[in-house]
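Student: I would like to understand how the words used for a protein structure follow from the values behind them. Could we go through some of them one at a time?

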Amino acid sequence: VKDGKVFVLEVNPRASRTVPFVSKAIGVSLAGIAARVMAGERLEDIGFTKEIIPEHWSVKAPVFPFNKFPGTDVILGPEMKSTGEVMGIDPDLGCAVAKAFMGASRTLPLQGTVFLSVRNQDKPALIEIARAFDELNFRLVATPGTRKALADAGIQSDLVYKRGEGRPDVTDMVLSRNVDLVINTPSDDPTTLEDEKAIRTAALHTGVPTITTVFGARIIATAIESMRRHGLSVRAMQDYHATTASPTS
């Protein structure tokens, strides 16, 4: 909405990604059922009259082409940037998230160093996230403003220079592979935009997973904790749906 007018950026009624995802999640070919219904059959005749509630979690993660375009900023916006999607399935939500990230070529670290730098409005929410990583024995490094917010909450972190304020700065640390995870929410301050872009670009260059939202950081902490507790397990999709009688089979 701008100046009292509503502008539609995109209207996308397609279900080419959603229908296959849900079908795999519940073990039923929804497209096949839809085709039979359009041909005149009834759901009662097909035997599909109850919602299927699986006992496992299915998580969808986008696949981005950033690594194919050097210098690209990984920040997201209103335009479509993903070129595909992957699926992670597990009885544990955190492990399902971790599997989805692995499928998208963004394997999460189970130990190491987390770099934290978030905009002011995200600092209160970051406290819980930083504490979760601290309890997982990750080393926390942060820029001055974020580090002060953490210190005020009683969370220890090491100071890292902002870009151009000393050496080694945060970009040096990322390029030297001394950071295993970057949590950086973009600010509205134009003076820091280039610094933030440089950090994210360096992380992309070195293959360091980068999280740019507080929600994403929270679920990633959960995923890492789950992976450390349960480890990685793999099952055939058919095994997940062995107890689900497909009405199209």
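Student: Why does Phe133 count as buried?

Tutor: This is a predicted model, and in it Phe133 has a relative accessibility of 0%. Buried means under 20% relative accessible area, so Phe133 counts as buried.

Student: What makes Phe133 and Phe138 an aromatic pair, and why is the pair called edge-to-face?

Tutor: The ring centres of Phe133 and Phe138 are 5.5 Å apart, and rings pair if their centres lie within 6.5 Å, so the two qualify as a pair. The angle between their planes is 90°, and because planes over 60 degrees apart count as edge-to-face, that is the name this pair receives. The structure holds one aromatic pair.

Student: How do you know whether Phe138 is buried or exposed?

Tutor: Phe138 has a relative accessible area of 4%, and the limit for buried is under 20%, so Phe138 is buried.

Student: Which residues touch the most other members of the largest nonpolar core?

Tutor: That core has 35 residues, and those touching the most other members are Val114, Leu116, Phe133, Leu150, Ile183 and Ile220. At least two residues of the core are supplied by each of β1 (57-63), α4 (93-103), β3 (113-117), α5 (123-135), β4 (139-142), β6 (181-184) and α9 (214-230). The largest share, seven residues, comes from α9. Apart from this core lies another, of 12 residues, including Val170, Met173, Ala203 and Val208.

Student: What does Leu116 touch, if residues up to four places away in sequence are not counted?

Tutor: Among the residues that Leu116 touches under that condition are Leu126, Ala130, Leu140, Val141, Leu150 and Ile183. A contact requires heavy atoms within 4.5 Å.

Student: Why does Val6 count as exposed?

Tutor: Val6 lies in the segment before α1 (18-26), and its relative accessibility is 65%. Exposed means over 50%, so Val6 counts as exposed. Together with Val1 and Val8, Val6 makes a nonpolar surface patch of about 360 Å².

Student: How many of the residues are buried in the protein as a whole, and how many helices and strands are there?

Tutor: Of the 249 residues, 39% are buried, and the protein has 10 helices and seven strands. Its accessible surface comes to about 14,500 Å², with 54% of that belonging to carbon and sulfur atoms. Among contacts with a separation of 6 or more, residues 24 or more positions apart account for 67%.

Technical notes
Residues are numbered from 1 along each chain as its sequence is written. This is a predicted model: local features need pLDDT of at least 70, side-chain atom pairs count only at pLDDT 80 or more; totals for chains, interfaces and linings use all residues. Side-chain values use heavy atoms; hydrogens and water are left out. Patches are made of residues with over 30% relative accessible area and no salt bridge: like charges are joined within 9 Å, nonpolar side chains (Val, Leu, Ile, Met, Phe, Trp, Tyr) within 5 Å. Accessible areas come from the Shrake-Rupley method with a 1.4 Å probe; for residues, only the protein chains shown count as cover. A salt bridge is a side-chain nitrogen of Lys or Arg within 4 Å of a carboxyl oxygen of Asp or Glu. Helices (H or I, at least four residues) and strands (E, at least two) are DSSP runs, numbered from the N terminus. Buried means under 20% relative accessible area, exposed over 50%, partly exposed in between (1.4 Å probe, protein chains only). A nonpolar core is a set of buried Ala, Val, Leu, Ile, Met, Phe, Trp, Tyr and Cys residues joined through side-chain atoms within 4.5 Å. Rings of Phe, Tyr and Trp (its six-membered ring) pair if their centres lie within 6.5 Å; planes under 30 degrees apart count as stacked, over 60 as edge-to-face and the rest as tilted.
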